[in-house]
Amino acid sequence: MFDSHLHVDCLPMEEMEMMVLCGVNNVVSCMFYPHVHVDIDSLLLEKHTERLLKFETWRAAQAGLNCFHAVGINPVAVPSDYEVYLEKLPDFLKEKEVVAMGEIGFEPASQTLPDVSEQEKLVLSLLDIAKASNKPVIFHTPHAPELKKKYTEKCLQLCKDKGIPPQKIVIDHASGDTIATILEAGAWAAISIQPWRRLDAADAVDLIEEYADGKVMVDSDYSCLRSDALAVPKVYQEMKRRKMSPDLIGKILSDNPARCFGLPR
Ligand SMILES: [Zn+2]
């Protein structure tokens with residue numbers, strides 16, 4: 001099984017081992033830097049990226065987990081001199097561990113770049129780099145339903161304007177408010193199951209039931225906030241409990257993320 005969005009540097013070894021025991025073998029770790037009460041500059045983010053790609057990939061492998069990465073600039077953790085990091089990004093995207101750009105997008109609650117028009121400038125620059133790399137882009141979406149809808153539509157529109165094909169777009173933290181819009185646009189909808197999101201495994205499986213034909217995947221978004229490393233295995237268990245077909249279970253939990261990120265199942 002795949003966990004298509006988490007932050008590996010927040011995962012203790014014991015949790016990684018538990019994930020492997022429960023059948024998770026592949027994860028995609030997205031970019032994030034702890035930003036509260038900390039000044040971030042590009043050099044720091046560059047060193048952090050190197051740590052993620054080299055050290056954290058190795059650490060996950062010790063637990064039996066294949067860790068792939070998405071690199072970019074998370075809207076909550078934007079370096080003050082982010083243009084410098086943007087210059088390094090094309091090279092990071094070529095690294096063998098990197099399967100996507102992400103997570104990028106809009107977060108009005110960002111403490112490092114609160115001005116959303118400035119965030120839009122950053123997203124547009126990132127999309128140019130993503131397009132040149134031909135790798136998929138993972139978008140963060142804000143938590144509040146109205147903002148989630150607004151910025152889901154905005155990200156889809158910006159990608160369309162930039163000529164990024166829908167099969168290269170993952171809209172993350174999808175919910176009942178946004179999943180139909182994402183799937184109608186032809187993009188991938190990723191459902192994050194986290195205690196504080198008020199979206200549990202049963203809610204995720206309700207959405208999977210309704211959109212079984214869609215390009216849906218699930219993830220834990222394991223981060224430094226309250227998280228559940230076993231989010232994806234819990235979805236598996238719930239799909240089994242509802243007697244969903246092995247084909248559908250395999251499609252949602254393995255095939256879809258593998259196809260999206262160009263990885264073997
Ligand atoms: Zn995340």
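Predicted model: local features only at pLDDT ≥ 70, side-chain atom pairs only at ≥ 80, totals over all residues.
1. Residues are numbered from 1 along each chain as its sequence is written, and side-chain values use heavy atoms, leaving out hydrogens and water.

2. There are 3 aromatic pairs, counting rings of Phe, Tyr and Trp (its six-membered ring) with centres within 6.5 Å; planes under 30 degrees apart are stacked, over 60 edge-to-face, the rest tilted. Among them, Phe106 and Tyr151 are stacked, 5.0 Å centre to centre with 20° between the planes. Phe106 sits in the loop between strand S4 (98-105) and helix H4 (116-133) and Tyr151 in helix H5 (residues 145-162), so the pair ties together parts 45 residues apart in sequence. Helices (H or I, at least four residues) and strands (E, at least two) are DSSP runs, numbered from the N terminus.

3. Now the zinc ion: His5 (NE2), His7 (NE2), Glu103 (OE) and Asp221 (OD) coordinate it at 2.1 to 2.3 Å. Donors here are N, O and S atoms within 2.8 Å of the metal (3.2 Å for Na, K and Ca); water is not among the atoms, so sites may look incomplete.

4. His7, in the loop between strand S1 (2-6) and helix H1 (13-21), and Glu103, in strand S4, link distant parts of the chain, 96 residues apart. Both His7 and Glu103 are buried.

Notes:
Buried < 20%, exposed > 50% of the residue type's maximum accessible area, 1.4 Å probe, protein only.
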